[in-house]
Amino acid sequence: MAEPDKPSSAKKQSSDEAPSLLQRLQELRNLPAMQRATYSEEIKKIQDRLEALKARDGSKAAWNTVQIARHQERPQTLDYVAQSIPDFLELRGDRLRGDDKAVVGGLGTLGSRRIVLIGHQKGHSLQERQERSFGMARPEGYRKAVRLARLAEKFGLPVVTLVDTGGAYPGKDAEEGGQAGAIAKSIEAFANLAVPTVTVVIGEGGSGGALALAVADRVLMLENSVYSVISPEGCAALVWRDAAEAPRAAEALRLNARDLLELGLIDQVIPEPTGGAHLDHRVTAKRVMREVQLALGELERLDPAERLRLRRAKYLRMGSFQVSE
Amino acid sequence: MVEEGERCKKCSSPLGEGELERSMNVCPHCGYHYPLRAPVRVAQLADEGTVQIVAEELRPGDPLEFFDLKSYTERVSEAQLATRLTEAMLAALCEIGSHPVALGVLDFHFMGGSMGSVVGERFCRLAKTAVEREMPLVVVAASGGARMQEGLLSLMQMAKTVVAVQMLNEARLPYITILTHPTTGGVFASFSTVADVIIAEPGAVMSFAGARVIEQTTREKLPPGFGSSESQLAHGQVDLVVDRRQLKGVLTRLLTLLGKGGSSG
């Protein structure tokens, strides 16, 4: 016989369970020591259950963020362009081999500034997503980004990058075309750029394919975006040999914006409209571009050589280790 | 590693006592390059009596308190015990063919040669020392990629090491990488591929995405030899493929050719 709705009712139960468990625990703890001893087993059981519930809530929250970050209607680079850069002129091609539609870039005016904007574009419709390889760039994409960054440098224009990718495109041609070198060279180019640079992780910051566009003076993240060295599915497959453990991996990786701010790896978290950025592109774009302009304003006040020194010093400091005797 | 009196695990030819070690852990019959432990690699490349190990005091922390089936700290302790290394990169100052160099060697036996904060920091310290003492930097890679247990901190080591290389670039000091089996993921896509000269060992496999991920995602069938040193050479991604038994000689030539005394001084 079918048991209707079992998973969801079980889930609901778990989140309602904690308060009554806590109350019972409190009662037991208030008992006189002699009496409490006879309940020690129950106390232990309740404590374990509470721990398990907490862990499940943690991974549920982390996984929920991953889902929002990947939402198909979440604003993407060209949505920000549509909202904030009316005179945007897209420039295409890497001048070497091709034009990778997973990365878009071009010239435009943001507020009172002319900028070069470069970002991943996953696409919304299935057809667009296929044309753009779901925002997974090939070497041509990273080389296009580098070319446009150099164009910006020549004309003294600040560079804004928007990051939204599951990772670099994993394919035979991409590998043979120098995927690793293209990513490394992009990191290098952005590390050396003389103009101000601001990155916003707007959705998914997936591993090296994200970092290739994310070395900047300031790195901001939207509240529900994620940024990680490996996808939760990939991590789960490696550790638990089961991609279904992705929610646990998502929590362990601490890939959400607040944790990364706490770890000192990003500079700022931009709040999203209630429920997520996909519910209001206009408000999201406005908030993102306001913070980008504030950051650019601060960066422009620095001497270029000093700005470059600070950017490099920031990356040279990154790491967490111990020093033994 | 092959025991005495055993056969080559690649070509099954019998190997005499000490034969493999005498040929630098390369099968004298088929040329198969056995994986090397970092201290052995250092000994093969450095002039005798010149090696000074540095940055040994740096040990991994556990910034994420990462726990999967075991805690990260437990995994690190096990790796340290098993390899007698403190981390995946052995950092040394030494001479190669009488050229003083800073030398970093990744050891795949230590958590897959993965790059976490300590590997990144040792790399940077080598680069800084190289600049201070006007020496070239030589790095031997063997890695599964970034150290997942350090989360985004490990991804940032890609940026950190690439930034460190810029110090050498500005000081016009040679930076040479030797990519050995396997060199993948974040290590391949960072300091490995921004070198002045990239050397690969014969038969080594290099890729950013793993072969399994590629086949699963794109359903492409990968050809035999995909990502191999020879294929990378054919696709223009590395400068040279050099047999381990000639490696020190080639390195010495490179260090001489790129060393001080160029026409602009």
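Domain bounds, as used here, come from an automatic or database domain assignment. For chain A this assignment gives domain 1 (18-69) and domain 2 (77-224 + 272-317), whose C-alpha centres lie 44 Å apart. The structure is a predicted model, in which local features need pLDDT of at least 70 and side-chain atom pairs count only at pLDDT 80 or more, whereas totals for chains, interfaces and linings use all residues. Residues are numbered from 1 along each chain as its sequence is written, and chains are lettered from A and ligands numbered from 1 in the order in which they are written.

The C-alpha atoms of chain A occupy a box of roughly 80 × 55 × 40 Å along the principal axes. Helices (H or I, at least four residues) and strands (E, at least two) are DSSP runs numbered from the N terminus, and chain A holds 14 helices and nine strands. A residue is termed buried if 20 or more other C-beta atoms, placed from the backbone, lie within 10 Å of its own, exposed if 12 or fewer do, and partly exposed in between; by this criterion, 48% of the 325 residues in chain A are buried.

Within chain A, helix H10 (residues 232-239) and helix H11 (residues 246-253) pack with their axes 8 Å apart and at an angle of about 105°, where axes are lines fitted to C-alpha atoms, for helices over the stretch in contact, and angles run from 0 to 180 degrees between N-to-C directions. H10(A) and H11(A) are therefore roughly perpendicular to each other, a class that covers 65 to 115 degrees, with angles under 35 counted as roughly parallel, over 145 as roughly antiparallel and the rest as oblique. Two residues are in contact if their C-beta atoms, placed from the backbone, lie within 7 Å; on this basis A:Pro232, A:Glu233, A:Cys235, A:Ala236 and A:Val239 of H10(A) meet A:Ala246, A:Arg248, A:Ala249, A:Ala250 and A:Leu253 of H11(A).

The contact between the chains takes 51 residues from chain B and 45 residues from chain A. On the side of chain B that touches chain A, the largest share, 14 residues, comes from H5(B). A nonpolar core is a set of buried Ala, Val, Leu, Ile, Met, Phe, Trp, Tyr and Cys residues joined through C-beta atoms within 7 Å, and the largest such core has 167 residues, with A:Ala149, A:Ile183, A:Ile187, B:Leu103, B:Leu137, B:Ala159 and B:Val162 having the most contacts inside it. Helix H5 (residues 151-170) of chain B gives the largest share of this core, 11 residues. Leaving aside neighbours within four places in sequence, B:Ala159 is in contact with A:Ile187, A:Ala191, A:Leu211, A:Val215 and A:Tyr315.

Several backbone features were also identified. Most residues other than glycine have a negative phi, and most peptide bonds are trans. A:Arg95, in the loop between strand S1 (89-90) and strand S2 (103-110) of chain A, has a positive phi of about 65° although it is not a glycine, and A:Arg95 is exposed, with 11 other C-beta atoms within 10 Å. B:Arg172, in the loop between H5 and S6 of chain B, likewise has a positive phi, near 55°, and counts as partly exposed, with 13 C-beta neighbours inside 10 Å. A cis peptide bond with omega of about -15° joins B:His181 and B:Pro182, and B:Pro182 is found in strand S6 (residues 175-184) of chain B.
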